[in-house]
Amino acid sequence: MKPTPKNNGQGERESDWPIAPPSKSDLPDGEYLVAFRDASPGQWFGQQKVRLCFEIIEPAVSASIQVYLFSTMPKRPSHRHKYYDLWVRANGGPPARGDRMTCRVFRGYWRVRIAWSVPKNGGHSMPQVVELLERVAGGQT
């Protein structure tokens with residue numbers, strides 16, 4: 001099927017062609033301002049994980065690129081798990097007795113460190129959030 005051009009009302013044409021994934025030159029390793037967008041549990045890399053989706057806000061040249069942070073998602077997170085450490089950082093402290101450790105705690109804007117993955121078995125490299133540095137604005141509601 002051929003993409004159909006569309007007129008955006010300003011004399012320019014748009015199409016349904018997919019946008020190519022970013023390259024290392026489009027998105028070099030470093031610190032970025034991102035907004036939390038979504039969390040998806042699922043099976044990635046052969047394990048049950050949660051994928052936290054962030055959208056780059058700054059710098060403007062990289063704005064709207066989505067990057068992910070993957071964390072193993074155990075049935076009962078404990079201090080030995082990455083998700084627990086991420087959650088405690090986002091929450092500002094450990095969970096109180098009876099707290100549900102939901103992904104809503106990641107809402108808001110964050111300064112993060114992004115690096116490109118090193119694929120195993122010849123896969124494709126991709127940008128990933130490797131560290132939540134600090135919450136800039138927003139938070140739980």
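Modeller: Rings of Phe, Tyr and Trp (its six-membered ring) pair if their centres lie within 6.5 Å; planes under 30 degrees apart count as stacked, over 60 as edge-to-face and the rest as tilted. This is a predicted model, where local features need pLDDT of at least 70, side-chain atom pairs count only at pLDDT 80 or more, and totals for chains, interfaces and linings use all residues. Residues are numbered from 1 along each chain as its sequence is written, and side-chain values use heavy atoms, without hydrogens or water.

Biologist: How many aromatic pairs does a search of the whole structure find?

Modeller: The search finds 4. Take Phe36 and Phe106: their ring centres are 6.2 Å apart and their planes at 40°, so this pair is tilted. Ring pairs also link Phe36, Phe54, Tyr83 and Phe106 into a cluster.

Biologist: Is Phe106 buried or exposed?

Modeller: Buried means under 20% relative accessible area, exposed over 50%, partly exposed in between (1.4 Å probe, protein chains only). Phe106 has 0%, so it is buried. Phe36 is buried too, at 13%.

Biologist: Which residues of helix H1 are buried?

Modeller: Helices (H or I, at least four residues) and strands (E, at least two) are DSSP runs, numbered from the N terminus. In H1, residues 82-91, the buried ones are Tyr83, Tyr84, Leu86, Trp87 and Ala90. Down the helix axis they fall within an arc of 165° (taken from the directions from the axis to the C-beta atoms), so they line one face.

Biologist: Why might a helix do that?

Modeller: An α-helix has 3.6 residues a turn, so residues three or four places apart point the same way.
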